[in-house]
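Good morning, colleagues. Please look at the structure as I speak.

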Amino acid sequence: MARGKVYLVGAGPGDPELMTLKARRLLEQADVVLFDRLLDPRMMDTVRGEKIDVGKNAGRHKLSQEGINQLLIEKAGAGAMVVRLKGGDPYLFGRGGEEALALLEKGIPFEIVPGVTSSIAAPALAGIPVTHRGVASSLTIVTGHEEPGKEAPLDWKALAGLSGTLVVLMGVSRLKQNAAALMAAGKPADTPAAMVEKGGWKDQRMISATLGSIAEKARASKIESPAILVVGEV
Ligand code: SAH
């Protein structure tokens, strides 16, 4: 039972070279790795243990969150060293917090290994610094895909009033509504906006426009998930 432990590991935005050294080492040592479908398969090259794909596609869950929690508890409870590999940073919209709580509740030892988050890395890799001296002195990161009743609703008025950079994750499916909500709350339609698709992947794409035109341009360019919306002067 000595090894029974779960590592909640951030995998970074997609490029295997943007994983941390610790993530790399733990992957090599793990008895079991639970990973998400979106992860670059090259990240798994050095894994010798069992690989379990628990990946989810927008709406179509392969394994429920409850199922993932159960599997983590089961495997670590049986003495395995488990790596739960998650995109970006595990605690930023990755439901890593829920997994941590489930483990805590069952008394399963776990450790968090932070990762390079796409919310900063994807804009960076597309040429956008999220803050810039004299231009943007704050960064706000929100989810663009709220589950009704499950999350605290976004305060668009407050978001529209901020002068810094706004980064919207999971921003593709509701892009049009979110841009409209920001403008209705007072954000000028000519505010610069960009979408970064698959930041750090080989087929990374970026489109830039204004808040007023970004939804139409993203539709015309067939921007797909995973992508993030960046709004602001940067
Ligand atoms: N924990 C992750 C975010 C999970 S939410 C992190 O820290 O990065 C999933 C959302 O992240 C996607 O809908 C998309 O908006 C964003 N995302 C993840 N990887 C991305 C990438 N390589 N390029 C652009 N956006 C990405």
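Predicted model: local features only at pLDDT ≥ 70, side-chain atom pairs only at ≥ 80, totals over all residues.

Let me begin with Lys-86, which lies in strand E6, residues 81–86; strands here are DSSP runs of E with at least two residues, helices are runs of H or I with at least four, and both are numbered from the N terminus. Residues are numbered from 1 along each chain as its sequence is written, and side-chain values use heavy atoms, with hydrogens and water left out.

Is Lys-86 buried or exposed? Its relative accessibility is 2%, so Lys-86 counts as buried; the term buried means under 20% relative accessible area, exposed means over 50%, and partly exposed lies in between, with a 1.4 Å probe and protein chains only. The side chain of Lys-86 reaches the backbone oxygen of Gly-94 at 2.7 Å. Leaving aside neighbours within four places in sequence, the residues in contact with Lys-86 (heavy atoms within 4.5 Å) include Val-9, Asp-36, Arg-95 and Glu-99.

Not counting residues up to four places away in sequence, Glu-99 touches Leu-8, Gln-65, Ile-68, Asn-69, Leu-72, Arg-84 and Lys-86.

I turn now to the salt bridges, each defined as a side-chain nitrogen of Lys or Arg within 4 Å of a carboxyl oxygen of Asp or Glu. How many does the structure hold? There are 12 salt bridges. One of them joins Asp-31 to Arg-3, with the closest N and O atoms 3.0 Å apart. Asp-31 lies in the loop between helix H1 (21–29) and strand E2 (32–35), and Arg-3 in the segment before strand E1 (5–10), so this pair ties together parts that are 28 residues apart in sequence. Asp-31 is partly exposed at 30% relative accessible area, and Arg-3 is partly exposed at 40%.

Another salt bridge pairs Asp-40 with Arg-42, at 2.8 Å between the closest N and O atoms. Here Asp-40 is buried, with a relative accessible area of 18%, whereas Arg-42 is partly exposed at 39%.

The side chains of Lys-75 and Glu-50 also meet in a salt bridge, 3.1 Å from N to O. This pair links distant parts of the chain, 25 residues apart: Lys-75 is in helix H2 (residues 65–77) and Glu-50 in strand E3 (residues 50–53).

Finally, the nonpolar cores. A nonpolar core is a set of buried Ala, Val, Leu, Ile, Met, Phe, Trp, Tyr and Cys residues joined through side-chain atoms within 4.5 Å. The largest has 22 residues, and those with the most contacts inside it include Leu-166, Leu-182 and Ile-214. Among the elements giving two or more residues to this core are helix H6 (175–184), strand E10 (192–197) and helix H7 (214–220). Apart from this core lies another, of 18 residues, among them Tyr-7, Leu-39, Met-81 and Val-113.

Notes: Polar contact = N/O pair within 3.5 Å; in protein donor to acceptor, adjacent residues only side chain to side chain.
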